[in-house]
2 protein chains.
Amino acid sequence: MANEVVVLDKWASMYGMRVRIALAEKGISYESKEEDFNNKSDLLLQSNPIHKKIPVLIHNGKSISESGIIVQYIDEVWNHKNPLFSSDPYERAQARFWVDYIDKKVFATWMKVWLSKGEEYEEAKKELISIFKTLEETLGDKSFYGVETPKLVAWGKRCIEKESVSKSLPDENKIYEYVVAGKKALGYDD
Amino acid sequence: MANEVVVLDKWASMYGMRVRIALAEKGISYESKEEDFNNKSDLLLQSNPIHKKIPVLIHNGKSISESGIIVQYIDEVWNHKNPLFSSDPYERAQARFWVDYIDKKVFATWMKVWLSKGEEYEEAKKELISIFKTLEETLGDKSFYGVETPKLVAWGKRCIEKESVSKSLPDENKIYEYVVAGKKALGYDD
């Protein structure tokens, strides 16, 4: 069967980036459809009726939602190259644990840092730093999912050197402009 | 290698129940250690230092946390009988989606219903009913993960008829007493 792959995405989304990187690792061609959060497409509403959120992977007409779940699906369907998860159940459980940790902690705290001021901002910043410290500790003896680099920043640099990653991420200046414009639109123009 | 399995648990926990049911389905003997939330054991703090929460599965000295992740680990390690997940990647993605949905929605809303009054209580109740309706719709053509039963209650009844489920759940009167005592302890004695 031919593989028809469509991704409903938003260029600035960190969850969308996960899916883009996974597909790039597997060398899968796909059609990307950019969503407008203020005017969601019928395709998005139909393919993710529960959360109505991107990213959604549509593979031969079947939709899969939630980036962590999509990445596992991609790894299981295109298992011929570049495994994204270890073949060991314990290692796989650990990878799932950290995906879940990032989902629960990073984005929400990042939003708090972004949208708060004064004491609340200082608290949120402290929390975000403590989350990064936790992540840094877990990277103590790993590079991607394996050996070596002890620091989060170093790990980030190694990731960005991979073509599958660098080509899947938007320009950082564009992200900055997007965040500033978003804050303004929400009435947080400091 | 001998399988040494320990579960750090709390009898009333719905997340603990997931792990108990999965182990019962696989016919795995294990030692259950009951945790006291007001005085967490050193073993819990060491084996789940990030969240410090039950359930934790300790398998031959290695710890796995988060009930949804534990259930997948159990299914992957003891894959000789009673598969808990389909072998089809799409079906597996759907199962993961609903585990995630329940994690995100049911418990938090249940707590809101439990701890609120007046208008807030009515709102939370409406939300919980809408969550159950969503779950009911997804059970339209499934029994456990398969065919048949169109209703959540009917599905619940079918589940409870399974020995692996009924023997893994606490007595409902004990749960009721526990909830009432918990509300009182928190100052919600109506």
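This is a predicted model: local features need pLDDT of at least 70, side-chain atom pairs count only at pLDDT 80 or more; totals for chains, interfaces and linings use all residues.
Local features need pLDDT of at least 70 and side-chain atom pairs count only at pLDDT 80 or more, while totals for chains, interfaces and linings use all residues. Residues are numbered from 1 along each chain, chains are lettered from A in the order in which they are written, and side-chain values use heavy atoms, without hydrogens and water.

**The two chains**

Two copies of a chain are related by a rotation about an axis and a shift along it.

**The interface**

Of the interface residues of chain B, 96% are also interface residues in chain A, so the copies meet through the same surface. Contact means heavy atoms within 4.5 Å; buried area is the accessible area (1.4 Å probe) that two parts lose on being put together, summed over both. A salt bridge has a side-chain nitrogen of Lys or Arg within 4 Å of a carboxyl oxygen of Asp or Glu. A polar contact is a pair of N or O atoms within 3.5 Å, one able to donate a hydrogen and the other to accept it within protein; residues adjacent in sequence count only if both atoms are side-chain atoms.

| Between chain B and chain A | Value |
|---|---|
| Residues in contact | 26 of chain B, 25 of chain A |
| Buried area | about 2,200 Å², 67% on carbon and sulfur atoms |
| Salt bridges | six salt bridges |
| Polar contacts | eight residue pairs, both at pLDDT 80 or more |

In the salt bridge of A:Arg96 with B:Glu76, the closest N and O atoms are 3.1 Å apart. Strand 4 (62-65), helix 3 (67-77) and helix 4 (89-115) of chain B each give two or more residues to the side that touches chain A; helix 4 gives the most, with twelve residues. Helices (H or I, at least four residues) and strands (E, at least two) are DSSP runs, numbered from the N terminus.

In helix 3 of chain A, nine of the eleven residues are buried (under 20% relative accessible area, 1.4 Å probe, protein chains only). The cover over these buried residues includes helix 1 (14-26) of chain A and helix 3 and helix 4 of chain B.

A:Asn48 lies in the loop between helix 2 (42-47) and strand 3 of chain A. A:Asn48 is buried, with a relative accessible area of 2%. Its side chain makes a polar contact with that of A:Ser65 (3.4 Å). Not counting residues up to four places away in sequence, A:Asn48 touches A:Lys53, A:Val56, A:Ser65 and B:Phe97.

How values were computed: Buried means under 20% relative accessible area, exposed over 50%, partly exposed in between (1.4 Å probe, protein chains only).
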